[in-house]
Amino acid sequence: MSGFDMAAFLAGLNPEVPPSGARPLVVHAEELQPLPAGEVHNPTSLSVVGNLPTATFELFRQTIPASQSSDMQRHHHETVHFVISGEGYSEIEDETVEWATGSFVYTPPWTWHRHYNASTEHPVEFLTIENSRLLGALGVNRRQSAGLVTVAEARAMFKGDES
């Protein structure tokens, strides 16, 4: 792994985080940083809780509009979605799982997955937690998006690219 220094990374992890304007201990809802639409490859919106002093994981507030879904994607990092409000289901490889407000949805690394809002009237709100910062610091984070397709179509699109 070129460019990564484990000792420097570990030395930068401080169990005592001094509060400051740049690294606050609290980020309020109105301070979330929306990702530009061009960076989100599906109908969902993502807002980053980017100012918290987390070194190894990333936090997002994700909204899936009524009757919409995220894209079919896979990535090296693990993800947990906490369902703040709404109900729906997820395709995770060959399994379909249902969820509702208060559920936790786990997406294992490098699995094709897509999340669906089952409501025709109300959005789904997720708190999305992923260890992408850690993998990014290690230089091994990777993501692929197949768009609004099925698992079978995603596998066919990326056939031979299984690492």
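This is a predicted model: local features need pLDDT of at least 70, side-chain atom pairs count only at pLDDT 80 or more; totals for chains, interfaces and linings use all residues.
Local features require a pLDDT of at least 70 and side-chain atom pairs a pLDDT of 80 or more, whereas totals for chains, interfaces and linings use all residues. Residues are numbered from 1 along each chain as its sequence is written, and side-chain values use heavy atoms, with hydrogens and water left out.

Across the whole structure, 6 salt bridges were found, a salt bridge being a side-chain nitrogen of Lys or Arg within 4 Å of a carboxyl oxygen of Asp or Glu. One of them joins arginine 133 to glutamate 58, with an N to O distance of 2.8 Å. This pair links distant parts of the chain, 75 residues apart: arginine 133 lies in helix H2 (residues 132-138) and glutamate 58 in strand E3 (residues 58-64). Helices (H or I, at least four residues) and strands (E, at least two) are DSSP runs numbered from the N terminus. Glutamate 58 is buried, at 13% relative accessible area, while arginine 133 is partly exposed, at 21%; buried denotes under 20%, exposed over 50%, and partly exposed the range in between (1.4 Å probe, protein chains only).

Strand E3 also contributes arginine 61, which pairs with glutamate 125 at 3.0 Å, N to O. Glutamate 125 belongs to strand E10 (residues 124-130), and the two partners are 64 residues apart. Arginine 61 is partly exposed at 33% relative accessibility, whereas glutamate 125 is buried at 14%.

A further salt bridge connects aspartate 161 and arginine 142 (2.7 Å, N to O). Aspartate 161 is situated in the segment after helix H3 (151-157), and arginine 142 in the loop between H2 and strand E11 (143-147). Salt bridges with shared partners also join Glu93, Asp94 and Arg155 into one network.
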